[in-house]
Amino acid sequence: KNHRNGIKKTRRPKKMSMQGMNCKFVRNQAFAKRGMNCTPEEKETRLAAQKEAQKKMEEKKVVERADRLKELQEAAAAPKTKKEACALSAVEASVGLGSGRGA
């Protein structure tokens with residue numbers, strides 16, 4: 001008789017229950033969701049600021065990479081052991097500025 005109307009799976013809730021969750025997390029999540037709501041003008045300004053920050057990070061990364069490469073080249077001028085020379089060439093190859101050997 002159980003199969004007369006079919007055995008149905010239980011309905012899953014549309015939203016997960018917040019009961020038992022860390023109340024500090026739940027509260028912060030609600031504020032974060034409200035903070036995401038903005039007008040199209042605000043969205044454009046946020047995107048512009050985000051792109052500007054991304055450019056600064058990229059420039060900083062390029063400068064740091066150049067400084068690191070300069071340090072590596074200074075260290076490569078007189079490698080103390082064969083092991084250090086191999087490690088240095090591997091790092092240069094990963095950066096993409098190797099001496100042309102083994103590439």
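User: What percentage of the residues count as buried?

Analyst: Buried means under 20% relative accessible area, exposed means over 50%, and partly exposed lies in between. Here 4% of the 103 residues of the chain count as buried.

User: Which secondary structure elements does the chain have?

Analyst: Helices are DSSP runs of H or I with at least four residues, and strands are runs of E with at least two. The chain has three helices and zero strands, in the order α-α-α from the N terminus.

User: Where is confidence lowest, and where is it highest?

Analyst: pLDDT is the predictor's confidence in each residue, from 0 to 100. Its mean over the chain is 84, with 88% of the residues at 70 or more. Helix α3 (residues 82-95) has the lowest mean, 74, and helix α1 (residues 23-36) the highest, 92. Where pLDDT is low, the predicted coordinates should not be read in detail.

User: Why does D67 count as partly exposed?

Analyst: D67 counts as partly exposed because its relative accessibility is 40%. This residue is found in helix α2 (residues 40-76).

Technical notes: Residues are numbered from 1 along each chain as its sequence is written. This is a predicted model: local features need pLDDT of at least 70, side-chain atom pairs count only at pLDDT 80 or more; totals for chains, interfaces and linings use all residues. Side-chain values use heavy atoms; hydrogens and water are left out. Buried means under 20% relative accessible area, exposed over 50%, partly exposed in between (1.4 Å probe, protein chains only).
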